[in-house]
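Thanks for making time this morning. I would like to walk you through one structure, going from the chain as a whole to its helix packing and then to its charged pairs.

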Amino acid sequence: MNKSKRIPRIGDMIFLRDRGPGAAMIRFWSRRGAPKGYPDGFNHVAMCIGDDLWLSAEPSGIKKVNTTFLTRNSVEAVLMCFTGTDKIGWWAAQYSIAHMGEGYDFLGVVGFAVHRLTGIMIHWGGRQFCSEICLGSWIRALSEAGIPHSYRDPANTTPNDCFVWAMGTGFFRAESFDLSYV
């Protein structure tokens, strides 16, 4: 796969494999869902909402960040490019922006691990994590456009699950993102 120097479009998603213990822990718990071709999987996903702007679920909350900030700890990045109309990508971005200012769902991330071990789901209402925002926004945008898609519960979705879901829809294509370009 060639490294992309393509400018992300509104609605595109970027999947990241970051350094650090928190990122490693997320990848450890979600490793069974790692996409084919990416055995280490991803620990983070964000949505493009404008020129060099991403909506990202950070420990400090859901906020706008630029590409340099978003990829500051990344060792690998894959751009998931939406192949449909700009209008649908814009809808997905708008639905994700609606979460700006919410808190990060730390309890939901812990709950995800508990769910894998016990089957009990824990979620902190009014707070979101990265894959929950991106997947929920895309499901809503595709529904708005009347496009059939496979359903998946956003609150029970890892970045790896979101990647696999996007590829399975047939509306996305993955491009390796050149981190040296940032």
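Let me begin with the contacts, where, among those in the protein chain with a separation of 6 or more, 75% are between residues 24 or more positions apart. Please keep in mind throughout that this is a predicted model. The protein chain has six helices and nine strands, and of its 182 residues 51% count as buried.

I turn now to the helices. Two packed helices are described by the angle between their axes and the distance between the axes, and I will give both values for each pair.

Take helix 5, residues 130-144, and helix 6, residues 159-169, which pack with their axes 8 Å apart and at an angle of about 25°. Because angles under 35 degrees count as roughly parallel, helix 5 and helix 6 are described as roughly parallel to each other, and their crossing is left-handed. On the side of helix 5 the residues in this contact are Cys 130, Ser 131, Cys 134, Leu 135, Trp 138, Ile 139 and Leu 142, and they meet Pro 159, Cys 162 and Trp 165 in helix 6. Sorted by class, this contact of helix 5 with helix 6 has nine nonpolar residues, one polar residue and no charged ones.

Helix 5 also packs with helix 3, residues 86-97, where the axes come within 8 Å and cross at roughly 135°. That angle makes helix 3 oblique to helix 5, and the crossing here is right-handed. By class, the contact of helix 3 with helix 5 has eight nonpolar, three polar and two charged residues.

Side chains of opposite charge can pair when their charged atoms come close. The count comes to five salt bridges, and I will discuss some of them.

Asp 40 lies in the loop between helix 1 and strand 3, and Arg 17 in strand 2, so the pair ties together parts that are 23 residues apart in sequence. Asp 40 counts as partly exposed, at 46% relative accessibility.

The side chains of Glu 76 and Arg 17 meet in a salt bridge at 3.3 Å, N to O. This pair links distant parts of the chain, with Glu 76 in strand 6 and Arg 17 in strand 2, 59 residues apart. Glu 76 is partly exposed as well, with a relative accessible area of 22%.

Finally, Arg 72 forms a salt bridge with Glu 58, with the closest N and O atoms 3.7 Å apart. Arg 72 lies in the loop between helix 2 and strand 6, whereas Glu 58 lies in strand 4, so this pair ties together parts that are 14 residues apart in sequence.

Key
Residues numbered from 1 in each chain as written. Predicted model: local features only at pLDDT ≥ 70, side-chain atom pairs only at ≥ 80, totals over all residues. Heavy atoms only, no water. Axes fitted to C-alpha atoms, helices over the stretch in contact; angles between N-to-C directions. Helix = DSSP H or I, 4+ residues; strand = E, 2+ residues; numbered from the N terminus. Parallel < 35°, antiparallel > 145°, perpendicular 65-115°, else oblique. Left-handed = near helix turned anticlockwise from the far one by under 90°. Contact = heavy atoms within 4.5 Å. Nonpolar A, V, L, I, M, F, W, Y, C, P; charged D, E, K, R; others polar. Salt bridge = Lys/Arg side-chain N within 4 Å of Asp/Glu carboxyl O. Buried < 20%, exposed > 50% of the residue type's maximum accessible area, 1.4 Å probe, protein only.
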